[in-house]
Amino acid sequence: MTLQADPPSSPAIGADLERLDGALKVTGTAPYAYEQPVEDPVFLQVVQSTIARGRITAVDTAEAEALPGVLLVLTHENARRVASTDDLEFAVLQEPDVAYRGQVVGAVVAEDAETARQAAALVRLTYDEQPHRVILDATSTHPDSPDLYKPAAVNPSFETDTEQGDVEAGLAGAATWVDVRLSTAWLNNNPLEPHTTVARSHGGALTVHDSTQGVHTVKGTLATVLGLPGEQVRVLSPYVGGGFGSKGNPHPHEVVVCLAALALPGRWVKYAATRQQMFAFTGYRTPTVQRVRLGADADGHLVAVSHDAVSQTATVKEFAEQTAVVSRLMYGSPNIRTTHRLAVIDVPIPSWMRAPGECPGMFGLEVAMDELAVAAGLDPVELRVRNDPPVDPETGKPWGQRHLVECLREGAERFGWAGRDPRPRQRLVDGWWVGTGVASSVYPAMSMPGNEARITALDDGCLEVGIGAADIGTGAWTALSQIAADALGVGVERIRLRIGDSDLPNASVAGGSSGTSSWGAAIVGAAGAFRVQHGARPAPGASTTAGMLDVPGADDVAQYSFGAQFAEVRVHADTGEVRVPRLLGVFSVGRIVNPRTARSQFLGAMTMGMSMALHEQSVVDPRFGHVVNHDLAEYHITANADVVDLQAHWLDERDAHRNPMGTRGIGEIGIVGTAAAVVNAAHHATGVRVRDLPVTADKFL
Amino acid sequence: MRPFAYVRADDAAGAVATVAADPEAGFLGAGTNLVDHLKLDVERPGLLVDVSRLPLDAVEDVEGGGLRVGATVRNSALAADRRVRHDYPVLSQALLAGATGQLRNMATTAGNLLQRTRCVYFRDVTTPCAKREPGSGCSAIGGYTRYHAVLGASSHCIATHPSDMAVGMAVLDPVVVVLGPGGEKRIPFAELHRLPGDSPERDTVLEHGDLITHVEVPAYPAARNSAYRKVRDRASYAFALVSVAAVLEVTDGRVADVRLAFGGVAHRPWRALAAEELLRGQPATEETFRAAADAELAAAEPQPGNAFKVPMLRGAVVAVLRDLTTAAARAAGTGEDR
Ligand SMILES: Cc1cc2nc3c(=O)[nH]c(=O)nc-3n(C[C@H](O)[C@H](O)[C@H](O)COP(=O)(O)OP(=O)(O)OC[C@H]3O[C@@H](n4cnc5c(N)ncnc54)[C@H](O)[C@@H]3O)c2cc1C
């Protein structure tokens with residue numbers, strides 16, 4: 001085997017390679033967690049609380065235990081004590097307290113899944129029920145509202161409030177201003193593959209097939225919570241059917257399945273969440289209430305940007321959505337203020353959902369920008385161009401690569417924006433009001449520390465590249481193979497990638513659009529070390545484990561990706577039905593590793609943005625406390641028939657600051673701004689400004 | 001989910017006898033609705049008699065006109081039937097507006113008629129529901145009502161019947177042919193589904209052991225100018241917020257014949273007789289259509305959360321009748337036999 005020079009003459013990066021795991025997936029032979037062949041499994045079903053707040057006062061498991069085939073019934077009365085309750089989300093079955101409806105308060109293990117399900121329904125719990133509150137009715141978005149509190153930081157560690165200049169003075173002196181209250185809905189991540197855990201305790205060691213975005217994260221959590229030495233826990237997850245953030249951290253089910261496995265040593269315990277359970281305890285996007293105030297001078301330059309965001313958190317654990325953070329950097333203004341407040345109510349723990357923070361925040365900011373454009377009589381593309389800041393307004397650092405204006409211009413050109421009549425409610429075509437709208441997209445470019453990869457020369461002339469990364473349907477199997485091929489100077493067919501196993505070198509979570517950047521950088525770092533150690537003709541068995549190298553000066557620039565999205569919306573004049581016949585995005589995201597998998601990331605995220613705009617809404621019944629439309633017939637996600645002409649384009653570029661590949665990360669930016677583009681287009685179509693998502697037919701009647 | 005016994009019926013009479021003999025028994029069609037309810041613990045049968053393979057899968061011509069649709073004819077097959085598409089487009093369109101291609105390939109005619117409400121509280125055994133447990137009250141009242149009734153509801157139940165096909169059938173006045181423990185019954189379609197009143201647990205007038213064997217659709221030439229319009233939040237795979245089935249015959253600019261039925265607004269397909277009455281003989285104009293819709297909707301009692309259905313339904317009625325008027329004029333203009 002000979003390794004070619006780096007960089008290669010015809011790089012694998014950039015090649016339109018088919019998904020390496022595509023054939024396995026379309027033939028149904030890629031083993032997801034539940035399909036991992038395990039011997040003689042038993043099946044777990046969870047018992048969920050039917051009150052939203054209170055205490056369990058009595059437990060009667062007699063009927064459940066009497067059912068033939070039932071092996072184990074766990075509740076707080078008999079479950080093993082966990083070793084750490086630092087994170088209360090994972091202190092499952094430890095106390096009789098109920099903090100939200102649908103909480104895991106018990107589990108049944110049986111010889112078959114049907115019996116487990118039947119027995120779970122036979123566990124009788126008596127409650128002392130306390131009054132609960134589950135609706136984010138932040139009637140005030142004022143940061144001093146007594147119902148709300150100020151978290152110490154917002155996800156993951158941003159400052160809670162910021163203020164530059166004097167926003168009130170800026171607004172007072174503005175030639176045009178808008179003051180807009182908006183809201184986004186409670187949304188549940190709905191990956192196709194349900195959350196799944198299959199675990200066995202054997203000789204003191206725990207093996208876990210899990211559906212997760214990060215095997216090392218799950219391993220670390222389980223070891224801590226269960227009090228096991230890290231080397232005794234192995235988590236495997238080679239194929240994951242989507243996560244959208246909800247599998248970025250473990251959730252109570254992983255702990256429960258492992259508690260059961262520890263109680264039944266030697267047996268594989270299998271659990272897959274029902275769709276209804278995925279609305280109860282596997283994380284979701286908090287609803288938000290936002291107030292955005294913008295002021296502009298006579299030339300359309302922003303003189304004030306103020307963004308107050310309220311979201312909800314659980315009593316069990318805090319999650320603070322960083323909704324207003326985008327307004328700190330998106331447009332230039334001498335006066336910028338952002339605040340975040342939380343209502344702590346009796347709800348499940350909110351968590352990450354694709355572009356947490358940026359997604360709801362850019363809805364607020366970009367709808368307000370459109371309203372400002374209308375108020376100022378300016379074209380909405382032009383308003384954004386005029387306010388493109390030369391340096392990051394928040395830090396004063398130069399931009400790594402800010403090409404928002406290029407995205408807006410190219411998008412306008414491709415979409416046919418020129419000559420647009422700005423007046424709303426002017427175009428009635430075949431009974432439909434037609435309009436167009438635009439919004440910007442943004443997402444930070446991140447790399448996570450601590451990643452390592454192991455390169456090993458194999459007997460057959462191939463190179464094994466191992467890292468505990470996750471492919472959650474994004475294309476990581478393919479993209480990482482391409483990166484490894486170039487870094488090692490061999491063809492992609494010579495790379496044997498191994499991912500999704502916590503026995504492989506440490507990898508960070510597939511989240512924050514940082515996966516390819518972080519894991520890829522580790523692979524490039526390890527490849528370099530491998531070449532140094534073993535030369536261009538490594539002998540079989542030669543192996544090197546190494547991590548990523550720092551990019552000099554990375555911290556001296558503000559690193560973000562940008563984009564522009566254009567939507568055409570039709571609203572039926574008689575019935576109010578809303579359709580999006582066209583959606584077009586142009587993105588500036590650094591170098592593209594694989595145009596095929598990249599395109600599907602953008603198209604998927606834009607579709608998800610359309611879904612947020614038009615369809616998705618978890619309806620919580622305040623009397624009961626849970627999401628009542630908790631299945632895919634009632635919780636609407638945009639269907640194929642809703643997607644007509646959907647286009648994603650990107651600028652041809654290479655980032656010099658993030659990592660050696662020149663990439664930034666593309667998984668999330670496509671959902672950022674989409675909903676605003678749709679709302680703005682719906683306003684242009686009808687003259688009706690919908691500020692509360694989703695944009696449904698009734699809002700136009 | 002509880003254990004239950006399963007048998008496959010060989011003939012209709014045997015199926016009826018088996019179910020009639022066991023108060024815990026029920027019929028199973030394709031199971032696209034019933035199996036969900038087994039898993040959700042909403043239905044708890046002791047025995048299921050599978051009738052989906054009975055030889056009732058033909059769409060036959062009836063002497064003197066009309067069609068006789070077997071109970072196990074799949075929704076896709078019925079929608080695609082040339083006679084249905086030509087003579088009763090409203091029925092074909094209604095079928096195709098329902099569910100998804102995969103579900104329609106499975107779902108049976110009888111199962112579709114007898115599918116149960118999608119009310120989220122009915123489908124969630126952790127919440128009270130009088131349709132599931134008589135006397136336990138209606139959780140939808142004061143709750144999530146987007147898919148709930150605005151016509152003919154009661155304080156015990158505000159659920160809607162979810163079928164699109166049934167709304168399409170309602171304007172064709174078919175007869176539902178039933179084999180019961182006491183022999184054959186012929187039930188006019190308009191009498192099959194009930195309003196909830198104080199016994200919402202009963203969706204229809206059928207008795208235990210009654211097997212639907214056929215639906216007989218009479219000849220009705222006016223139905224060639226007919227349409228089904230479903231208003232829903234997403235373009236596919238969503239139940240109706242409201243829907244309208246309409247047959248319209250226009251002569252010299254006036255409504256010569258009209259039939260209207262609404263979906264998504266009541267516990268049964270809602271035949272809009274008051275609107276039909278008002279339309280007959282009147283000029284085929286948007287004003288008349290709107291007035292007719294308003295006449296029918298005068299009785300509407302929306303819930304907080306679904307008042308939009310009144311203007312939405314009015315808009316849908318106007319849109320459908322306008323389209324059918326245009327189609328009628330076009331057909332008259334070309335002298336085409338529609
Ligand atoms: C996700 C989803 C979306 C859907 N969307 C729509 C939609 O938009 N519009 C729509 O109209 N429908 C929709 N449906 C419902 C679908 O149309 C029904 O599930 C289907 O028509 C039921 O037919 P089946 O043969 O599977 O009935 P089954 O589930 O087998 O039975 C339903 C009922 O009929 C009874 N039954 C069956 N056959 C007979 C018989 N011969 N005599 C007496 N009783 C009988 C059964 O006992 C049972 O009570 C949807 C369903 C799903 C799952």
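The model is a predicted one, in which local features need pLDDT of at least 70 and side-chain atom pairs count only at pLDDT 80 or more, while totals for chains, interfaces and linings use all residues. Residues are numbered from 1 along each chain as its sequence is written, chains are lettered from A and ligands numbered from 1 in the order in which they are written, and side-chain values use heavy atoms, with hydrogens and water left out.

The elements that give two or more residues to the shell around the ligand are strand E2 (25–28), helix H7 (109–114) and strand E8 (211–217) of chain B, where helices (H or I, at least four residues) and strands (E, at least two) are DSSP runs numbered from the N terminus. Among these elements, H7(B) gives the most, with four residues.

There are 32 residues around the ligand, and those that come nearest are B:Phe27, B:Gly31, B:Thr32, B:Thr108 and B:Asp164; a residue counts as near if one of its heavy atoms lies within 4 Å. Because residues from chains A and B surround the ligand, the site is shared between chains. By class, the shell has 17 nonpolar, 11 polar and four charged residues, with Ala, Val, Leu, Ile, Met, Phe, Trp, Tyr, Cys and Pro counted as nonpolar, Asp, Glu, Lys and Arg as charged, and the others, Gly among them, as polar.

From the ligand the view can turn to the interface of the two chains. The contact (heavy atoms within 4.5 Å) takes 38 residues from chain B and 33 residues from chain A. Together the chains bury about 2900 Å², 54% of it on carbon and sulfur atoms, this buried area being the accessible area (1.4 Å probe) that two parts lose on being put together, summed over both.

Between chain B and chain A there are five salt bridges, each a side-chain nitrogen of Lys or Arg within 4 Å of a carboxyl oxygen of Asp or Glu. In the salt bridge of A:Asp574 with B:Arg322, the closest N and O atoms are 3.0 Å apart. On the side of chain B that touches chain A, strand E9 (226–231) and helix H12 (309–334) of chain B each supply at least two residues, and the largest share, six residues, comes from H12(B). The residues of that side divide into 19 nonpolar, seven polar and 12 charged.

Over all chains the structure holds 63 salt bridges. One of them joins A:Lys317 and A:Asp87, with the closest N and O atoms 2.9 Å apart; this pair links distant parts of the chain, 230 residues apart, with A:Lys317 in the loop between strand E14 (302–314) and strand E15 (336–345) of chain A and A:Asp87 in the loop between strand E3 (70–75) and strand E4 (97–98) of chain A.

Some backbone details complete the tour. A cis peptide bond, with omega about -10 degrees, joins A:Asn155 and A:Pro156, and A:Pro156 lies in the loop between strand E6 (124–129) and strand E7 (162–164) of chain A.
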